[in-house]
Amino acid sequence: MDNVSRSERSRSAIIQAALAIIARDGPGRLTLDAIAREGGLSKGGVMHQFRTKEAVLKTLLENQVEFFENFSRDYLASADMKEAQLSAQIAVQRKAIAEPHSVAFGLLGALAENPALLSGLRETDARKVEAIRSEAADPDLATLRLFAAKGIALSTMMGICSLSDEDRERLFERLLDNGQWPDSAAAKDRPTSPSVGD
């Protein structure tokens with residue numbers, strides 16, 4: 001096996017070990033020593049790939065963002081509906097809590113240690129919200145639907161959601177069902193508020 005393949009295999013083993021630790025023990029237990037033990041690697045081998053725990057978290061976050069960007073892109077490619085951007089982002093929230101190995105659960109706590117890792121995500125999120133608002137017949141209603149989905153996902157990730165799995169699924173279905181929400185004609189009669197962030 002060449003050095004590049006060996007290096008990729010080591011990085012993958014480290015990422016999988018970090019995911020296992022976060023899922024099983026929580027982000028507070030994620031250390032380079034724990035990753036080495038979990039992955040059957042030397043600490044030096046781990047540090048050759050990732051100098052710090054923060055570097056591991058950054059890679060996990062990048063992988064998570066890429067996974068959900070691809071999911072959103074695929075969803076949009078198959079979507080033939082009004083307010084497709086909104087539907088895609090609601091579907092992303094639903095997927096984040098449905099994925100058995102979703103890093104989203106663990107990263108929530110781990111990122112609390114270093115909020116700076118989230119700065120790029122805030123900008124990306126603001127662009128997505130603006131795209132949703134610009135395609136919506138009722139921008140405020142679209143924003144409410146999006147943030148209702150985010151609230152369900154976040155409370156589930158934090159372990160404080162009192163909804164059953166069935167209730168969550170039913171609510172996500174309703175949030176995704178454009179037929180459940182007022183149409184453009186009704187929205188035109190309502191006054192609009194300034195854009196989010198104004």
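What share of the 198 residues in the protein chain is buried? Buried residues make up 36% of the chain. The structure discussed here is a predicted model.

## Overall architecture

The protein chain is built from 10 helices and has 0 strands. Read from the N terminus, its elements follow the order α-α-α-α-α-α-α-α-α-α.

Among contacts between residues at least 6 apart in sequence, 64% join residues that are at least 24 apart. The chain exposes about 11,400 Å² of surface, and carbon and sulfur atoms supply 52% of this area.

## Salt bridges in the chain

Side chains of opposite charge can pair when their charged atoms come close. The structure contains 12 salt bridges. One group of residues forms a network of such bridges, linking Arg24, Asp25 and Glu38.

Arg145 and Glu83 form a salt bridge through their side chains, with an N to O distance of 3.1 Å.

## Pairs within helix H9

Helix H9 (residues 165-176) holds both Asp165 and Arg168. These two residues form a salt bridge in which the closest N and O atoms are 2.4 Å apart. Their positions are 3 residues apart, about one turn of the helix. What are the relative accessibilities of Asp165 and Arg168? Asp165 is at 48% and counts as partly exposed, while Arg168 is at 13% and counts as buried.

Asp167 and Arg170 form another salt bridge, their closest N and O atoms being 2.8 Å apart. Because Arg170 and Asp167 are 3 residues apart in helix H9, about one helical turn separates them. Asp167 has a relative accessibility of 25% and therefore counts as partly exposed, since that class covers values between 20% and 50%.

Technical notes:
Residues are numbered from 1 along each chain as its sequence is written. This is a predicted model: local features need pLDDT of at least 70, side-chain atom pairs count only at pLDDT 80 or more; totals for chains, interfaces and linings use all residues. Side-chain values use heavy atoms; hydrogens and water are left out. A salt bridge is a side-chain nitrogen of Lys or Arg within 4 Å of a carboxyl oxygen of Asp or Glu. Helices (H or I, at least four residues) and strands (E, at least two) are DSSP runs, numbered from the N terminus. Buried means under 20% relative accessible area, exposed over 50%, partly exposed in between (1.4 Å probe, protein chains only). Contact means heavy atoms within 4.5 Å. Accessible areas come from the Shrake-Rupley method with a 1.4 Å probe; for residues, only the protein chains shown count as cover.
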